[in-house]
Amino acid sequence: MNPFLARLRGAGPAPLGIFLMSGSPIVAEAIGCNGFEWAIVDAEHSPIDVADVAHMLMAIGNTAMLPVVRAPWNEPVVIKRLLDAGADTLLVPFVQSADEAGRAVAAVRYPPQGSRGMAGLSRASRFGAMPDHFRQANGRIGLIVQIETPQALACIEEIAAVDGVDAVFIGPTDLAGSMGHYGDSAHPEVKASLASAIERCKRVGKPVGTLAATLESAALLARQGADFVVLASDLGLLLAQVRAAQSAWRAE
Ligand code: 3PY
């Protein structure tokens, strides 16, 4: 079974995660050794490429932190390369309809269930050392689709219900932007849409997660029913400390 999905189905509070945007395996490993339960290796909004993903997964593999890899786009060639690099839980951004969700499902599965290309020496198959890799992979891959526009929200139940979609992630920043509230995911309209999206995913029985800017809003979202929450990012936390140190120094 997929380890991230197993965690979501198990007991315990909603796991708290972090976006990894710095692309650094050392940072990923250091964070994993110290606490966050899961992390999104973000190949959408950072310079992280496929080789970086492989290196970051190696580092995270030395820790108990569960990795999710965000693809840059819902595109089968890109998705294939990330899976070959060893991603076993994939977050696919900007899924707008059940049809697009179905395309993401096909991209993560080997035939006959999907269209993922096959290679014998991928990192995913431990470079050929896992003889059952092709037979087992479809059952091990977890697929999370990202909903981030009012258009997608309008059909969130149909998207969430697609067979092979294991969980839904709501992107509040893009959602706010596509609602005309740039950079303001705390806008009441955005917060209301997020709360209703969480409720609607739960009604169709699919786990749902989202991003919070602060620990307080992460806790609120978990109380509202979010099954997994991401708190900020490695770069965000680092820069918050940099700015705080700089202003404290100026105030001396
Ligand atoms: C969002 O909040 O929309 C994101 O995609 C975060 O990167």
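1. Start with Val 92. Its bridge partner in S5 is Val 145. The model is predicted, and the pairings below are read from that model. Strand S4 covers residues 89-92 and pairs with S5 in the parallel sense, over four bridges. Thr 89 belongs to this pairing region too: Thr 89 stands opposite Gly 142 in S5.

2. Now the other neighbour of S5. Strand S6 (residues 167-170) pairs with S5, again over four bridges and in the parallel sense. Here Gln 146 stands opposite Phe 169 in S6.

3. Is S5, residues 142-147, mostly covered or mostly open? Mostly covered: six of its six residues are buried. Take the faces in turn. On one side, Gly 142, Ile 144 and Gln 146 are buried.

4. Next, the whole sheet. Which order do the strands follow? Eight strands close into a barrel as S1-S2-S3-S4-S5-S6-S7-S8, with parallel pairing. From one strand to the next, the twist averages 30°. Helix H10 (residues 188-203) packs on the sheet and touches S5, S6 and strand S7 (208-212). The direction of H10 makes about 160° with that of S7.

5. A further helix deserves a check. Helix H12 (residues 234-251) lies across strand S1 (16-20) and strand S8 (228-233). H12 runs at about 45° to S8.

Key
Residues numbered from 1 in each chain as written. Predicted model: local features only at pLDDT ≥ 70, side-chain atom pairs only at ≥ 80, totals over all residues. Buried ≥ 20, exposed ≤ 12 C-beta atoms within 10 Å, placed from the backbone. Helix = DSSP H or I, 4+ residues; strand = E, 2+ residues; numbered from the N terminus. Pairing = 2+ DSSP bridges. Axes fitted to C-alpha atoms, helices over the stretch in contact; angles between N-to-C directions. Contact = placed C-beta atoms within 7 Å.
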